[in-house]
Structure formats: structure tokens, C-alpha cells
Amino acid sequence: MTDNPAATKMRSNLRRIASGGKIQQIRNPTENGGETVAASLHHHIDEHTALLHRTFQNSDGQPLYEDERTWVRWPASFGYTSWQTLTSNPVNVLLVFVPLGIAFGASHGNPTVVFILNFLAIIPLASLLSFATEELSVKLGQTLGGLMNATFGNAVELIVSIVALKNGEIRIVQASMLGSILSNILLVLGCCFLAGGITHKEQRFNSTVASTMSSLMAVSTASLIIPATLYAAMGSSKPTDAKTDKILILSHGTSIILLVLYAMYLFFQLKTHAHLFDEESEPEAGGNDGADGQKPEGHVLSPWAAGIALVIVTIAVAVCAEYLVDSIDSIVERAHISRTFIGLILLPIVGNAAEHVTAVVVATKNKMDLAIGVAIGSSMQIALLVTPFLVILGWAIGQPMSLQFEIFETVVFFLAVLVTNYLISDGRSNYLEGAMLLGMYMIIALAFYVYPD
């Protein structure tokens with residue numbers, strides 16, 4: 001029986017591919033138990049796949065990043081950790097916009113293009129900043145880790161706000177701070193409740209911790225309501241400059257008190273009442289170690305590598321933030337978007353991108369205590385640490401940064417905190433509560449879109 005010419009040519013090509021002794025013979029379909037050409041081809045592919053894996057190992061079968069030879073280990077280790085870091089979050093694909101944003105900003109390109117490119121560039125940088133912080137926190141332990149998270153958890157918002165404050169963009173700074181809080185307690189928490197509620201009928205979390213955080217948020221709300229109502233109460237009885245001076249005095253004193261309260265909260269959380277915050281995480285940690293034998297998170301970067309990564313990413317964020325803030329005026333003029341909307345809605349999305357992803361992922365895994373800590377804990381840091389710090393910084397550099405927000409903004413903030421406190425008070429969540437929070441955030445975003453500066 002004569003073979004089909006096409007089949008003959010295919011077997012000839014496969015023999016040529018398998019030259020060098022990898023596959024000694026391509027059998028006919030009727031030979032040796034009927035092994036087909038396709039089976040031989042699969043065998044060939046499997047062998048080459050194994051060879052590809054072996055290229056990243058030494059002769060002893062060890063990964064190259066564990067090789068005893070320094071000149072082999074260091075480059076391999078750098079490549080391995082870099083790859084693990086870059087693949088830690090899907091949003092890191094946007095890193096291509098970092099050099100583009102810096103290049104267009106340095107060349108004084110179209111302000112709209114500069115804004116968009118640097119807007120997209122800061123999103124993956126926020127993700128890398130969050131990743132490096134978590135790596136360093138695990139290595140340093142709970143106490144120092146908590147301080148590191150408090151310092152770098154909202155670093156992007158802080159850097160952008162410092163740049164804007166230096167340029168005298170007080171409205172951008174105030175709107176960015178308020179927007180970060182609203183984004184976390186409504187958008188992030190709403191996505192957590194919704195995503196977790198779809199996969200789980202009802203989820204539970206530590207209501208004691210949640211109520212402690214919400215109580216501190218209520219205090220921070222009062223710190224904004226009092227200056228706004230005082231300014232309105234003084235009315236036209238005093239000149240504008242006199243009222244501003246009194247509001248600044250109140251804001252400086254209030255900011256110092258809020259910073260002291262935040263320091264006391266850290267001591268409460270990490271020292272005297274640490275058991276309240278650890279009681280939910282300890283069973284999970286024990287279960288993970290015993291169930292699947294996986295390594296705990298935070299084993300990719302060494303403390304030195306994480307520290308270097310923090311410095312590099314922070315510098316990159318500062319550069320992109322500089323170009324981003326410089327292009328805001330042009331965006332306001334060309335796109336007819338208010339500064340309040342940019343600061344309240346757009347900039348918080350950039351700064352909280354990594355937290356959004358992290359919180360939603362852990363919520364789908366039914367780790368609601370961690371999700372609550374990310375969402376409300378981050379809001380509390382903004383309200384009790386970052387905002388008072390910016391007021392004190394403005395005092396030091398001669399910028400009239402105060403806690404006196406517009407009446408409309410203050411009322412919106414109060415209602416958002418009130419609704420959030422109601423929903424988390426029972427220690428349970430479902431998808432309907434998540435939809436409520438998301439709906440309220442959309443209403444607020446629409447209101448500030450039409451809100452004039």
C-alpha cells in the first residue's frame with residue numbers, strides 16, 4: 001500500500017525536526033501498537049518543554065537564582081524577583097505608560113495627552129508601591145509592619161497632594177483627600193460587599209474592629225463639620241481675611257489633635273488591644289499552613305530589595321505626579337471639567353487602584369476582616385493622618401491649607417460616613433449592601449460632575 005505524499009512529507013519534516021537523537025524514529029500508523037504521528041509529535045513537544053525548564057536550572061537541578069556561583073546567582077535572582085514583582089498584579093501591564101508620561105511631560109507636549117499618560121502611569125506605580133510595602137511589612141513583623149502600612153499605604157495620594165499644595169492648588173488637595181475617603185468607604189467597600197456577596201450568600205466580619213474604625217471616622221467627620229459651620233456662622237460680621245485667619249487657627253489646632261488620636265489608635269491596635277485585631281487572622285493563618293502547605297505571603301523580596309523598590313517607585317510617582325498636576329489647568333479649560341471633580345473622583349481612582357484590586361480579591365475569598373481593614377482603615381489614615389499632616393505642612397510652607405471644606409462637600413462626607421456606619425454595624429454583609437454603597441458613590445460622582453468650582 002502506497003503512503004499519501006502529504007503524509008510522507010510530514011514524516012520527513014518531523015524526522016528533520018527531531019534530528020540529534022531526541023526522537024529516533026517516527027513510526028507509521030500501523031507499526032508498534034498503532035502509535036500515530038500526532039502522538040510522536042506530542043512526545044517531541046513534551047521533551048522540548050522539559051528542556052526549556054531545565055535551561056533555568058544548573059547541572060544539579062537547582063534554580064539558577066539559588067546557584068552557589070555568585071556571578072550566576074545574582075543576575076538570575078534579580079531577573080526572578082523582578083518577574084515576580086511585575087506579575088504581582090494585572091494592572092502592572094500599564095507600566096508602559098510610565099516612560100511615555102515622563103517623556104511627554106518633559107518635552108512639554110499636549111497637556112491633555114500628558115494628563116492621560118501620567119494618570120495611567122500612576123495606577124501600576126501605586127500597585128508596585130503597595131506590593132513592596134506588604135513585602136517589607138511581613139519581614140519586619142506586625143508592629144513595624146503596621147507603621148510601614150500607615151506610612152506608605154496612602155503614599156500616592158500624599159505625594160500628589162504635596163505637589164499640588166506646593167503649587168498652591170488648595171482645592172485640588174482638599175478634594176483629593178475627601179475623594180480618597182469617599183472612594184474607599186463607598187466604592188471599594190461597595191465592590192467588596194458586592195463581589196463577596198455574589199460568591200457567598202452572607203459574609204461576617206469583626207464588628208468590634210469595624211465599629212472602632214467607624215467611630216474614629218465619625219470624629220474625623222466632626223473635625224470637618226465644625227470649621228465649615230463656624231465659617232458660615234461668622235457670616236459677614238467679619239472681613240474675609242479675619243475669618244480665614246480664625247479658621248486656620250482652628251484647623252492647625254484640630255490637626256494636631258487628630259494626629260495625636262491617630263498615634264493613640266496605632267498604640268491601641270498594635271499594643272494594648274492587639275488581640276481584637278488578630279483574633280480573626282490567627283485561625284486563617286494556621287489553616288493555610290496546615291491545609292496546603294503554601295508559603296505565607298511576603299516571600300518574594302528581601303527587606304533591602306523591598307526598601308530599594310519603595311524608593312525607586314516613590315521617585316517615579318513624584319515625577320509623574322508633578323506632570324499630572326501641572327496639566328490640570330489645561331484640562332479644566334479644554335474639557336470643562338471642574339477642579340473639584342478631578343480631585344474628588346479622578347485622582348482617588350489613581351491612588352486607590354491597588355487597594356481596589358486587593359480588597360475585592362480578598363472579599364471573594366471570604367476574608368472580610370482584611371477587606372474591611374483595607375477599605376475603612378485606608379480612609380481612616382487619610383482622615384486622621386494624611387489630611388492633618390497636609391494642614392501642618394501648609395502651615396510650615398506658607399500655604400493656607402485648612403479643614404474648612406465647602407458646605408456641600410461636608411454634608412456629602414457626613415452622609416457617606418453615616419450610611420457606611422449603619423451597614424457595617426451588624427458585622428454582616430451581602431451583595432445588596434454593596435449595591436447600596438456603589439449607588440450612593442455614583443450619585444455623589446454625578447453631583448460633583450455638575451458642581452461648579
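This is a predicted model: local features need pLDDT of at least 70, side-chain atom pairs count only at pLDDT 80 or more; totals for chains, interfaces and linings use all residues.

Q: At which residue does H8 bend, and by how many degrees?

A: The bend is at serine 183 and amounts to about 35 degrees.

Q: How many of the 30 residues of H8 are buried?

A: A residue is called buried when its relative accessible area is under 20%. In H8, 25 of the 30 residues are buried, so the helix is largely enclosed by the rest of the structure. For the protein chain as a whole, buried residues make up 43% of the 453 residues. The chain has 19 helices and 2 strands.

Q: How many salt bridges does a search of the whole structure find, and which side chains meet?

A: Side chains of opposite charge can pair when their charged atoms come close. The search finds 1 salt bridge in the whole structure. The side chains of glutamate 409 and arginine 171 meet at 2.4 Å, N to O. Glutamate 409 lies in helix H18 and arginine 171 in helix H8, so the pair ties together parts that are 238 residues apart in sequence.

Q: Are glutamate 409 and arginine 171 buried or partly exposed?

A: Glutamate 409 is buried, with a relative accessible area of 1%, whereas arginine 171 is partly exposed at 25%.

Q: Which residues form a nonpolar patch on the surface?

A: The patch consists of Ile407, Val411, Phe414, Leu415, Leu418 and Tyr422, which together have about 550 Å² of accessible area. Phenylalanine 414 belongs to helix H18, residues 407–424. Its relative accessibility is 38%, and therefore it counts as partly exposed.

Q: Where is leucine 86, and which residues is it in contact with beyond its neighbours within four places in sequence?

A: Leucine 86 is in helix H3, residues 70–86, and is partly exposed, with a relative accessible area of 43%. Leaving aside those neighbours, leucine 86 is in contact with Asn92 and Leu95. Leucine 86 and serine 127 are 41 residues apart in sequence, and their C-alpha atoms are 9.6 Å apart in space.

Methods. Residues are numbered from 1 along each chain as its sequence is written. Side-chain values use heavy atoms; hydrogens and water are left out. The bend at a residue is the angle between axes fitted to the seven residues ending there and the seven starting there. Buried means under 20% relative accessible area, exposed over 50%, partly exposed in between (1.4 Å probe, protein chains only). Patches are made of residues with over 30% relative accessible area and no salt bridge: like charges are joined within 9 Å, nonpolar side chains (Val, Leu, Ile, Met, Phe, Trp, Tyr) within 5 Å. Accessible areas come from the Shrake-Rupley method with a 1.4 Å probe; for residues, only the protein chains shown count as cover. A salt bridge is a side-chain nitrogen of Lys or Arg within 4 Å of a carboxyl oxygen of Asp or Glu. Contact means heavy atoms within 4.5 Å.
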